[in-house]
Amino acid sequence: MARRSHGRAWWGWLLLLAGAVVHAQQLLAVKFQPDLRVYPQFFSLVQGVEGDLLVGGMDGVLRFDGGRWHWLAMPRPGAVRALAASADGRIWVGATNGFGYIERSDSGRERYVDVSAQFADDLQGRRFADVWEVVEVGDTVYFRALYDVFAVGRDGRRRGFWHHPGRFGGIASVGGELWLQWRGQGLKVLRGQDFELLPGGERFAEALIYNLLSLSDGRVLLHDVRPSLWLWQDGTFVDHTTPELARDLAEAGRGALFDETHVVLAAADGALRVLDFAGGQIERVPLGNSYLADVIRAHDGSVLALDVSGVSRLDWPPSWRRLDAGADAVSGVYALNRSAGVLYASTWGGVFAHTPGTGDGVQSVLPAGAADVEYWGVHGDGDDLLVASSKQLFRLRAEAMTPLSDDGLYPRQFLPDPLDPALLWIGTEHGPALFAKVDGEWRLRLQQSSPGWQILSMHAFAGSIWLGSSDRGVHRLRRDAVDPGAWHFEPVGAASGLPSNEEVPALVSMFDGALYVSLARGLYRGDGERFRSDDAQGLAALLDENEQVLFRTGDDGIVWAFSYHSVYRHDATRGWSLVLLGGVHTGAVFDLLPIAQDAAFIGSEAGLLRYAPMPTAARAMPATVRPRISAARVLHGRAAPIDLPLDRPARVQLNGGSVEFEFAYPRLDGVGVSEFQFTIDPDGRTWSPWRNRASAAFFALAPGDYRLRLRARSRYGVAAEADAFEFTIVPRWYQRAWVLPLAIVLLTGLLALALVQRQRLKVRRLRASNRALDAEVQARTRELQHANEQLRGLAQSDGLTGLANRRHFDAELARLSAEASAEARPLSLLFADVDHFKAYNDDRGHQAGDDVLRAVARLLREAVAPTVLVARYGGEEFALVAAGLDAAAAGQLAERIRATVAAAMAGVTISIGIATRPGAGNESAAALIARADAALYRAKHRGRNRVEAAADAA
């Protein structure tokens with residue numbers, strides 16, 4: 001069994017929380033999955049002294065260094081079921097019919113050293129099959145197979161051998177001694193070269209021992225397959241098994257000790273078991289459905305669990321949990337609102353309520369039969385709720401839904417008027433609207449509508465209503481005692497200090513008593529009249545390029561900021577810190593709602609998340625992890641690479657080749673976001689941009705001395721610098737000092753001879769050139785005409801699919817739109833998008849993705865008439881323009897295209913959005929595109945492989 005470190009006493013907090021939420025919430029975990037083509041079955045896990053993860057697989061060992069996965073094959077086929085890191089940092093490997101250690105050369109290259117051949121005489125021709133556990137005791141390493149135990153020193157030399165026809169079981173280091181289960185006899189301790197039965201050890205003669213975990217006070221926890229749980233203390237074994245523990249441990253296997261009373265165990269059902277053996281309690285922490293083969297405590301205090309697809313990491317104690325509605329998962333949470341102490345989550349499948357402090361589940365609040373559409377927000381109105389569906393506004397009263405608008409409102413945001421409680425501002429997908437309460441009923445009073453003017457945020461500040469939109473920047477309505485009947489929102493731009501009047505995405509929200517506008521260019525703080533660039537007390541330094549955020553302030557004064565992929569927290573003592581990095585476990589982040597006591601709810605694509613941090617003292621301190629240069633080599637075309645030593649300066653003769661470096665930074669808490677920066681300037685004056693590629697190559701370096709410096713950073717930590725690597729490019733013979741003068745003399749002589757010869761040939765060439773000039777001019781003219789024709793074709797076509805490109809599409813759409821308007825003919829626009837294309841690319845590679853795009857393009861061309869323009873709009877999205885095609889015919893065409901693709905391409909489907917401008921309409925091409933794109937968006941979110949038509953133009 002691999003050596004594991006002890007933890008801190010944070011489990012009391014964990015169990016207090018887990019006891020309430022184990023059935024209603026799911027912990028968030030991140031996963032490290034190998035991207036190599038190896039057999040997807042893994043057995044053992046250990047963390048090296050530098051922080052790298054090593055995984056025992058089928059026929060070899062995987063290593064993850066934070067930059068990439070590496071594969072080290074074993075000399076014989078079979079499973080690597082045991083890995084251990086010894087005190088000197090060496091990794092020991094227990095494989096099938098072999099065992100040994102991994103040795104790293106001075107160049108960083110690894111090789112496996114097998115030491116099992118020394119035991120050939122002991123085995124007398126037998127094979128021993130799998131090594132199940134490896135344990136270090138003092139300076140001796142023991143390898144346990146089924147019938148044999150082998151002992152070697154740290155130098156790899158044989159020290160002992162034991163054979164037992166009754167089979168061996170659990171093995172562990174206990175107080176500097178080796179404990180080993182001799183099945184059929186009992187649990188024994190090694191004294192000298194002989195094993196003696198422990199007092200009471202005979203009771204462990206039959207059932208296989210899974211875990212022998214030694215505590216610092218001399219006690220030993222024993223867990224076997226029955227399952228039973230025993231504690232060795234004061235020279236005797238005490239049975240701690242209860243019927244409840246036996247039931248919950250039925251599928252548990254290998255485990256790791258986390259403190260003096262708690263153990264985490266892997267289990268076959270895909271869930272960890274958190275065992276409090278002192279209190280006789282156990283909690284189940286689900287990770288998935290896959291068999292968990294191993295679990296260890298990482299250097300940074302987190303839990304690492306191994307299943308058949310990779311390594312899952314959990315922060316402990318947990319801060320983030322997902323809430324659900326009993327058996328139904330709540331997903332696609334667009335907005336979070338609070339009214340009368342109740343939290344409302346508006347999702348793409350309904351509206352759900354959660355009352356903090358009364359339980360951890362959520363319940364649907366919509367009556368049976370309510371439209372199964374997207375919901376975008378809730379506003380409390382006394383005992384009623386105003387509910388924004390995807391198209392209309394409803395009043396929810398006594399489980400009855402009453403429409404307050406037609407289905408063309410598209411409400412998204414709520415903002416009570418700062419001066420009149422009988423007025424309510426609504427941000428929609430087509431601009432702002434104002435509702436007034438008349439005789440107890442809300443009625444639409446005014447609307448400033450413009451198709452595609454999607455309101456993303458609204459705020460009242462300094463006597464004005466401020467709007468942030470998706471593509472038209474910031475707008476303002478002065479609301480200081482002005483009659484709202486005369487209202488009109490005006491754009492805010494360069495005249496107020498914002499960078500420009502361009503139509504760009506903008507978000508508005510409050511922080512530190514000021515209004516902030518978040519643009520892709522940065523953050524801008526406003527006082528009600530003027531804006532200036534501002535870093536929001538250091539937040540700007542944490543944001544990605546082009547990242548835009550909204551601020552939220554809780555009742556406890558804690559300020560939050562969030563974008564679609566990250567959540568940040570600010571307090572007066574620590575400033576800003578990142579508390580959630582979205583990804584596969586959260587999807588896009590849509591909204592955030594702070595609650596009391598430094599907690600918050602997050603609405604995300606994956607569901608409703610709750611942040612409830614544990615006390616700082618309960619957390620383990622992260623281990624120090626440094627970046628490193630993991631490999632350096634010289635490449636010469638197809639020749640074998642030449643490895644360079646990493647522990648001393650290197651002398652390199654490039655000979656026309658290049659120098660390549662690989663980087664490592666195994667910070668597991670920054671999964672997917674580690675970035676590297678380097679320089680080879682000896683004085684460090686010029687650094688490369690930050691990038692997430694863990695390698696660098698240098699070509700055509702001039703002779704001289706160089707010093708490669710490397711920095712790495714993670715979203716969860718400050719930048720760290722690796723040890724520098726010094727190397728010298730040795731000049732080739734022609735680069736030496738005496739070569740240049742000699743070359744000048746030789747070149748001067750050759751030049752003189754060339755001038756004489758040139759004069760002789762000049763006359764003959766002049767005569768010949770005159771005769772050929774006319775013929776050449778004619779030939780060049782024909783070539784230019786042909787080239788111009790080819791260039792025109794290339795400029796209008798997509799290089800991958802051969803369809804019309806975006807530029808040609810834009811020009812043709814404008815032309816066809818103008819012609820259709822002049823002739824009063826309908827015009828239909830279809831947007832088609834390949835479903836799950838990114839996942840297809842990630843799973844099968846970009847070449848397979850390109851093949852899919854070409855096949856879809858061919859089917860689209862063949863499915864339509866020659867008069868229909870078919871273009872590649874961008875990425876996996878295609879556009880079709882059909883002049884003279886009304887909405888019904890366009891719908892039939894789209895359905896035929898969708899069915900054709902689904903039938904012709906196994907496993908590949910498309911979603912299609914349609915927008916049709918009638919013959920009497922004068923809708924612009926941009927508005928037509930916006931409606932078709934919105935229809936495609938609905939097709940995607942309603943299940944994909946479907947056709948959706950946009951509503952008629954306003």
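Author: Let us begin with a term that we shall need for packing: contact means that heavy atoms lie within 4.5 Å. Please also keep in mind, throughout our conversation, that this is a predicted model.

Reader: Which residue follows α6, and what is its phi?

Author: The residue that comes after α6 is a glycine, Gly 845. Its phi is positive, with a value near 100°.

Reader: Which members of the largest nonpolar core touch the most other members, and which element gives the largest share?

Author: This core has 30 residues, and those that touch the most other members are Val 834, Phe 878 and Ile 897. Two or more residues come from each of β67 (827-834), α6 (837-844), α7 (846-863), β69 (877-883), α8 (887-904) and β70 (910-917). The largest share, 8 residues, is given by α7.

Reader: Which residues does Ile 897 touch, not counting residues up to four places away in sequence, and how many residues does the other core have?

Author: Once residues up to four places away in sequence are set aside, Ile 897 touches Leu 860, Ala 863, Val 864, Leu 880, Ile 910 and Ile 912. Apart from this core lies another, whose members include Phe 661, Tyr 665, Ala 694 and Leu 708. The number of residues in that other core is 27.

Reader: Is Leu 869 buried or exposed, and how far is its C-alpha atom from that of Val 881?

Author: Leu 869 is in strand β68, which spans residues 869-874, and it counts as buried because its relative accessible area is 13%, where buried means under 20%. Beyond its neighbours within four places in sequence, Leu 869 has contacts that include His 808, Phe 809, Leu 880 and Val 881. Although Leu 869 and Val 881 are 12 residues apart along the chain, their C-alpha atoms are separated by 5.1 Å.

Reader: Is Ala 820 buried or exposed, and which residues does it touch, not counting residues up to four places away in sequence?

Author: Ala 820 belongs to helix α5, residues 806-823, and it counts as buried because its relative accessibility is 0%. Leaving out residues up to four places away in sequence, Ala 820 touches Arg 825, Pro 826, Leu 827 and Arg 917.

Reader: Where is Asp 439, and between which strands, and what is its phi?

Author: The loop that holds Asp 439 runs between β41 (431-438) and β42 (441-447). Asp 439 counts as exposed because its relative accessibility is 73%. Although Asp 439 is not a glycine, its phi is positive, at about 55°.

Reader: Which loop holds Pro 227, and what is omega for the peptide bond from Arg 226 to Pro 227?

Author: Pro 227 lies in the loop between β20 (220-224) and β21 (228-233). The peptide bond that leads from Arg 226 to Pro 227 is cis, and its omega is near -5°.

Reader: Stepping back to the whole protein chain, how many helices and strands does it have, and what percentage of its residues are buried?

Author: The protein chain has 9 helices and 71 strands, and its C-alpha atoms fill a box of roughly 105 × 100 × 55 Å along the principal axes. Among contacts between residues at least 6 apart in sequence, 52% join residues at least 24 apart. Of the 954 residues in the protein chain, the buried ones make up 51%.

Notes
Residues numbered from 1 in each chain as written. Predicted model: local features only at pLDDT ≥ 70, side-chain atom pairs only at ≥ 80, totals over all residues. Heavy atoms only, no water. Core = buried A, V, L, I, M, F, W, Y, C linked by side-chain atoms within 4.5 Å. Buried < 20%, exposed > 50% of the residue type's maximum accessible area, 1.4 Å probe, protein only. Helix = DSSP H or I, 4+ residues; strand = E, 2+ residues; numbered from the N terminus.
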